[in-house]
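Hi everyone, thanks for making time today. Please have a look at the model on the screen, and then I'll walk you through a few places in it.

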Amino acid sequence: MITAATDGPVFTTSYAQGRAETSVWFPLCVSAMLGLAGLFLNQLPLTAFSAFITLAAIRHWPLTDTQRAVMRLSPDGLDLDGAGRIVWASIDSARFKEISAPKARPRYIEIKLNEPIDVAAIPMPAMRRHPWEIKPWSRRGKLRIFVHLHHLADKSDDVVGAFRHFLGARFFDDVSSN
């Protein structure tokens, strides 16, 4: 969603609603049933598997907070949940990619940085995450990160439009990649 601010337009998005059901709540229900079955049937493997499923659900817990901004684009830079603020000067280029797959078309934005993300990202308390929690981006090498669009509430076209607005000629469309 793009809003006007005193310094210029701001694009903010959160996690998509509905992702928590399949990634958090359903696994927790299955885990509870397996855990109880393991206890009542005296089967340690069921209980151990239940603990593993619970850990996977906890990793995806941030998906339950659909009101929290996980990505914000503003004249100040790109704020990414789990990373912090990356000023526009630290971004070399960005590219929209859509991978052709048999049953899905994963979409993401590949961002090339001028320096490693540990140096480029300015820590922000509002964007802090525990290391085990899921983030809307992943690191690919030292200078590249991928922002996964399927986690976000806004449509891919809106996110791409926001990146295109702030990066201008440094943003490229690459819709058919493999």
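Let's start at Thr 13, which touches Arg 68, Ala 69, Val 70, Met 71, Leu 152, Ala 153 and Asp 154, leaving out residues up to four places away in sequence. By a contact I mean heavy atoms within 4.5 Å. Before I go on, a word on the source: this is a predicted model, where local features need pLDDT of at least 70 and side-chain atom pairs count only at pLDDT 80 or more, while totals for chains, interfaces and linings use all residues. Residues are numbered from 1 along each chain as its sequence is written, and side-chain values use heavy atoms, with hydrogens and water left out.

Back to Thr 13, which sits in strand β2, residues 8–14. Helices (H or I, at least four residues) and strands (E, at least two) are DSSP runs, numbered from the N terminus. Is Thr 13 buried or exposed? Thr 13 is buried, because its relative accessible area is 3%, and buried means under 20%, with exposed over 50% and partly exposed in between, using a 1.4 Å probe and protein chains only. The side chain of Thr 13 also makes a polar contact with the side chain of Asp 154, at 2.6 Å. A polar contact is a pair of N or O atoms within 3.5 Å; within protein, one must be able to donate a hydrogen and the other to accept it, and residues adjacent in sequence count only if both atoms are side-chain atoms.

One of the residues that Thr 13 touches is Arg 68, so let's go there next. Arg 68 lies in the loop between α2 (44–59) and β3 (69–74). What does Arg 68 touch, not counting residues up to four places away in sequence? The list is Thr 13, Ser 14, Tyr 15, Asp 81, Ala 126, Met 127, Arg 128 and Arg 129. The side chain of Arg 68 has a polar atom 2.9 Å from the backbone oxygen of Ala 126, and it reaches the backbone oxygen of Arg 128 at 3.1 Å.

Now to strand β3, where we find Ser 74. Ser 74 is buried, because its relative accessible area is 1%. Leaving aside neighbours within four places in sequence, Ser 74 is in contact with Pro 9, Val 10, Trp 88 and Phe 166.

My next stop is strand β7, residues 107–113, which is mostly covered, with five of its seven residues buried. Strand β6 (residues 91–99) runs antiparallel to β7, and seven bridges join them; two strands pair if DSSP finds at least two bridges between them. One example is Arg 95, whose bridge partner in β7 is Glu 110. β7 also pairs with β10 (residues 144–148), again antiparallel, over five bridges. There, Ile 111 has Ile 145 in β10 as its bridge partner.

Finally, let's step back to the whole chain. There are four helices and eleven strands, and the C-alpha trace spans about 65 × 40 × 30 Å along its principal axes. Of the 178 residues, 42% are buried. Among contacts with a separation of 6 or more, 66% are between residues 24 or more positions apart. That's my tour, and I'm happy to go back to any of these spots.
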